[in-house]
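User: I've got a new structure open and I'd like to learn how to read it. Could you walk me through it?

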Amino acid sequence: MYTAIVGRIHTRPLEGSDNIQIGNILGYTVIVGKDTRDGELVLFFEAGGQLSSEYADKNNLVSRKDDQGNRIGGFFAENRKVSHLKLRGVLSEGYVAPLNSVGYTGVDITKILVEGYEFDALNSHPISNRYETEATKRASANRQVVRRPGEMKGFLKQPDIPQLRHVINTIPDDGVLYFTAKHHGTSGRLSRVLVEKPSTVWWRKLAEKYLHFPLKREYVYLNGSKNVILEGRSDSSKDFYGTDAFRFNATKNIILRKGETLYFELTGWVEKGKPIMSPQDTTSLKDKKVSARFGPKITYSYGQEEGTCGLWVYRITMTDEDGRQTDLSWQQVKERCQQLGLRHVPELGSIILNAEVKNTLLERVDLLVNGIDGIVPSKVDSRHLEEGIVIRCESTGGTLWIKQKSTLFYFLEGVVKDDPTVIDMEESS
């Protein structure tokens with residue numbers, strides 16, 4: 001879900017500019033006009049979203065030309081995508097708008113739009129949504145969804161992981177935080193799950209149907225992507241990659257305990273010449289340091305030989321016969337990965353949460369993901385960027401996952417998605 005957020009912006013001058021200034025809102029850096037006041041409540045749209053056509057039209061935000069060929073309107077393209085921008089060497093991470101930009105919806109701005117309020121619609125007027133290319137929409141619509149009775153009970157999806165800057169105030173005070181590398185790949189899960197199987201014997205089929213005999217239950221292996229339960233044969237299950245063979249190859253010969261589920265990231269290659277994730281074009285940055293460090297294009301191989309796929313575990317659960325799921329601790333995850341001969345995502349550090357740590361957490365994480373100069377190579381493969389980190393928070397209330405991507409990665413990822421033919425691998429899988 002993609003929402004607009006009401007936040008308080010703090011501004012400072014941008015050297016050499018008379019018309020724009022630098023703003024900071026909710027931990028994001030943005031470029032705003034000189035008419036934005038320091039400390040003002042505004043709407044923030046993070047890069048990666050899309051403004052609704054109505055909102056853009058009401059605020060004249062889409063760039064167009066009049067009959068004389070003069071440019072009029074705002075600076076948004078026809079697709080209304082909220083993109084990262086680089087102006088005067090500053091990376092802007094979103095779009096800021098005044099509160100009255102949604103006045104046409106009829107909401108009481110003074111009562112509804114309070115600091116911290118998030119929304120994607122107001123009074124049934126759509127405001128924003130997550131941006132998807134047309135190719136991504138087609139891939140999502142065409143993917144094969146294969147489910148059999150009872151599978152979903154014990155084969156749960158990994159919940160979407162929120163961003164640290166959005167949820168920092170909700171992190172449990174008694175948490176232990178583990179910082180792990182966030183790999184740029186496609187999600188996967190493998191489980192030995194208990195399923196119900198209808199009988200093939202005629203008399204038992206009738207008993208199950210009319211006398212409500214319990215179905216037979218047995219443990220089976222299920223393989224899945226982020227959203228889809230895959231078929232049992234890699235040669236018959238097709239998705240937008242053209243094949244699921246790389247998923248089954250990566251998980252073959254893994255022997256799980258009954259009720260055990262692995263959650264992991266797959267990195268590297270679908271096959272020779274076809275990386276799992278689309279390469280990123282660094283020339284769009286016009287930054288000599290980045291191009292010199294990584295070359296004109298970044299391919300996220302994570303040390304995999306071309307044509308091979310790597311598996312990195314980040315979560316393991318156990319599910320009992322009643323469908324209750326329990327997380328292994330991070331220490332248990334690491335020990336279990338060693339037993340299975342699997343890699344877990346790299347650990348970058350850990351810390352016990354307290355008031356002081358919480359007050360400085362954004363700064364600590366920013367240094368981890370952006371470094372001193374904004375360029376942090378992957379700990380696994382220095383030929384490409386570190387995408388960011390995932391914070392695993394273990395507390396008495398359970399386990400939470402929170403992410404933070406690097407500013408440079410966000411920018412390059414946004415450039416890739418400017419191409420309408422590019423498929424968002426994670427959203428479509």
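## Getting our bearings

Analyst: The chain has twelve helices and 28 strands; helices (H or I, at least four residues) and strands (E, at least two) are DSSP runs, numbered from the N terminus. This is a predicted model, where local features need pLDDT of at least 70, side-chain atom pairs count only at pLDDT 80 or more, and totals for chains, interfaces and linings use all residues. Residues are numbered from 1 along each chain as its sequence is written, and side-chain values use heavy atoms, with hydrogens and water left out.

User: How much of the chain is buried?

Analyst: Buried means under 20% relative accessible area, exposed over 50%, and partly exposed in between (1.4 Å probe, protein chains only). Here, 48% of the 429 residues are buried. The accessible surface of the chain comes to about 21300 Å², with 50% of that belonging to carbon and sulfur atoms. Those areas come from the Shrake-Rupley method with a 1.4 Å probe, and for residues only the protein chains shown count as cover.

User: How do I read a sheet? In what order do the strands of the open sheet stand?

Analyst: Strands of a sheet pair through backbone hydrogen bonds, either parallel or antiparallel. Two strands pair if DSSP finds at least two bridges between them. In this model, four strands make an open sheet in the order S11-S5-S1-S12, with antiparallel pairing. Strand S11 (94-98) and strand S12 (118-119) are at the edges with a single partner strand each, so one side of each has no neighbour in the sheet. Look at strand S1 (residues 4-8) too: two bridges join S1 to S12, and Ile5 stands opposite Glu118 in S12.

User: Now salt bridges. How many does the structure hold?

Analyst: A salt bridge is a side-chain nitrogen of Lys or Arg within 4 Å of a carboxyl oxygen of Asp or Glu. The structure holds 18 of them. One of these is between Glu115 and Arg8, at 3.4 Å from N to O. Glu115 lies in the loop between helix H2 (109-112) and S12, while Arg8 is in strand S1, so the pair ties together parts 107 residues apart in sequence. Arg8 is partly exposed, at 33% relative accessible area.

User: Which residues are linked in a network of salt bridges?

Analyst: Lys182, Glu387, Lys405 and Glu413. Within that group, the side chains of Glu387 and Lys405 meet at 3.7 Å, N to O. Glu387 is in the loop between H10 and strand S27 (388-395), and Lys405 is in strand S28 (residues 398-405), 18 residues apart. Both Glu387 and Lys405 are buried.

User: What about contacts? Which residues does Glu93 touch?

Analyst: Contact means heavy atoms within 4.5 Å. Leaving out residues up to four places away in sequence, Glu93 touches Gly27, Tyr28, Thr29, Val30, Phe44, Glu46, Ala47, His84, Arg165 and Thr407. Glu93 is in the loop between strand S10 (90-92) and S11, and is buried at 4% relative accessible area. For the chain, residues 24 or more positions apart account for 71% of the contacts with a separation of 6 or more.

User: Which residues make the nonpolar surface patch?

Analyst: Patches are made of residues with over 30% relative accessible area and no salt bridge: like charges are joined within 9 Å, nonpolar side chains (Val, Leu, Ile, Met, Phe, Trp, Tyr) within 5 Å. Phe75, Leu85 and Leu87 make a nonpolar one of about 270 Å². Leu85 is in strand S9 (residues 85-87) and counts as partly exposed, at 38%.

User: One last thing, backbone angles. Where is Tyr302 found?

Analyst: Tyr302 is in the loop between strand S22 (297-298) and strand S23 (309-319). Its phi is near 50°, a positive value in a residue other than glycine. Tyr302 is buried, at 1% relative accessible area. Asn123 also has a phi near 50°, and its place is the loop between strand S13 (121-122) and strand S14 (125-126).
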